[in-house]
Amino acid sequence: MPASPTFTDADLCAFERDGYFIWRGLVTEADCSKMKQVADTHLAECLAPAEYEVDVCYPGAPNTLDSLGGETVRRLLHAFSRHPVFRDWATSKVLRNLLVQLFADDAVQLSQSHHNCIMTKRPGYSSATLWHQDNRYWDFDQQNLISVWLALGDEQIKNGCLRVIPGSHKMNFESGRFDANLFLRTDLAENKALIGKFVRVALNKGDVLFFHSKLFHAAGRNLTNETKTSLVFTYHEMKNSPIHGTRSARYPSISI
Ligand SMILES: O=C(O)CCC(=O)C(=O)O
């Protein structure tokens with residue numbers, strides 16, 4: 001990794017066009033291992049606050065807490081305040097500089113209300129996530145946030161890596177294209193054609209995916225015997241405020 005990585009103009013154009021960008025090997029093996037170790041310990045202890053697979057009821061999730069696999073954690077929440085090792089990455093100069101470039105704005109903040117989590121996919125009982133835009137439940141002045149997904153281990157189709165639809169962050173859809181939970185309906189020909197354009201986001205440990213909050217993405221189940229672990233934070237410009245009284249304003253944003 002260069003001492004102070006910066007996006008080239010071509011990289012910035014790619015992000016603007018596709019709605020995502022993958023920076024390979026941005027975080028060192030050693031730093032990833034430190035973060036993974038803390039995440040594993042918290043996961044083993046089910047250290048609250050956590051979201052369980054039963055909370056979301058996505059395809060493949062157990063139905064009730066007392067059913068087999070019912071206590072499978074999906075996300076360890078509040079990563080920012082969980083441990084300095086996560087905080088250090090979230091507020092690092094490297095990340096700040098890259099986000100300043102992507103937003104073309106110097107005043108960038110981390111949202112403590114969205115993502116801000118260790119995203120896990122555990123063997124056996126983890127769910128698939130259908131096609132959605134993160135913005136669907138987020139309330140800010142503008143739908144212009146960027147999430148930063150750090151792979152703490154390898155992410156492939158077999159352990160449920162993300163899939164994205166390039167350029168979908170720029171598309172506008174009538175409400176009939178979505179189901180009751182604002183996932184893309186898969187019974188419509190026009191949605192099927194769009195979904196057919198997806199690309200897989202296979203990541204190696206230390207790779208970072210930057211993606212726009214309007215980018216459609218989905219993920220499969222983990223069919224391996226090892227937990228997949230990623231660290232995910234979301235950022236916005238200071239001038240793009242969460243709407244008062246909404247879930248997006250539940251916790252104060254942090255200037256980085
Ligand atoms: O890993 C997954 O299942 C995707 C998670 C996701 O897209 C989300 O929580 O917004």
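Which residue follows H2 with a positive phi? That's Cys46, where phi is near 50 degrees. Keep in mind that this is a predicted model.

Let's start with the whole chain. The protein chain has seven helices and 13 strands, and its C-alpha atoms fill a box of roughly 50 × 45 × 35 Å along the principal axes. With 256 residues, a compact globule would have a radius of gyration near 18 Å, and the 17 Å of the protein chain agrees with that. Of those 256 residues, 39% count as buried. If you take contacts between residues at least 6 apart in sequence, 84% of them join residues at least 24 apart.

Now for helix H2, which covers residues 29-44. H2 has 16 residues and reaches 22 Å from its first C-alpha to its last, close to the 22 Å expected at 1.5 Å a residue. Here's how its two sides look:

| Side of H2 | Residues |
|---|---|
| Buried | Cys32, Met35, Val38, Ala39, His42 |
| Exposed | Glu29, Ala30, Gln37, Thr41, Ala44 |

Looking down the axis of H2, the buried residues fall within an arc of 130 degrees, so they line one face of the helix. What do they pack against? Their partners are strands S3 (73-77), S5 (117-121) and S12 (228-237), plus helices H4 (79-82) and H5 (84-90).

S5 turns up again at the ligand. Around the ligand you'll find Met119, Lys121, Thr129, Asp134, Gly160, His217 and Ala219. S5 and strand S11 (217-219) are the elements that each give two or more residues to this shell. Sorted by class, the shell has two nonpolar, three polar and two charged residues.

Technical notes
Residues numbered from 1 in each chain as written. Predicted model: local features only at pLDDT ≥ 70, side-chain atom pairs only at ≥ 80, totals over all residues. Helix = DSSP H or I, 4+ residues; strand = E, 2+ residues; numbered from the N terminus. Expected span 1.5 Å × (residues − 1). Buried ≥ 20, exposed ≤ 12 C-beta atoms within 10 Å, placed from the backbone. Arc of directions from axis to C-beta. Contact = placed C-beta atoms within 7 Å. Near = placed C-beta within 6 Å. Nonpolar A, V, L, I, M, F, W, Y, C, P; charged D, E, K, R; others polar. Rg over C-alpha atoms; globule rule 2.2 N^0.38 Å.
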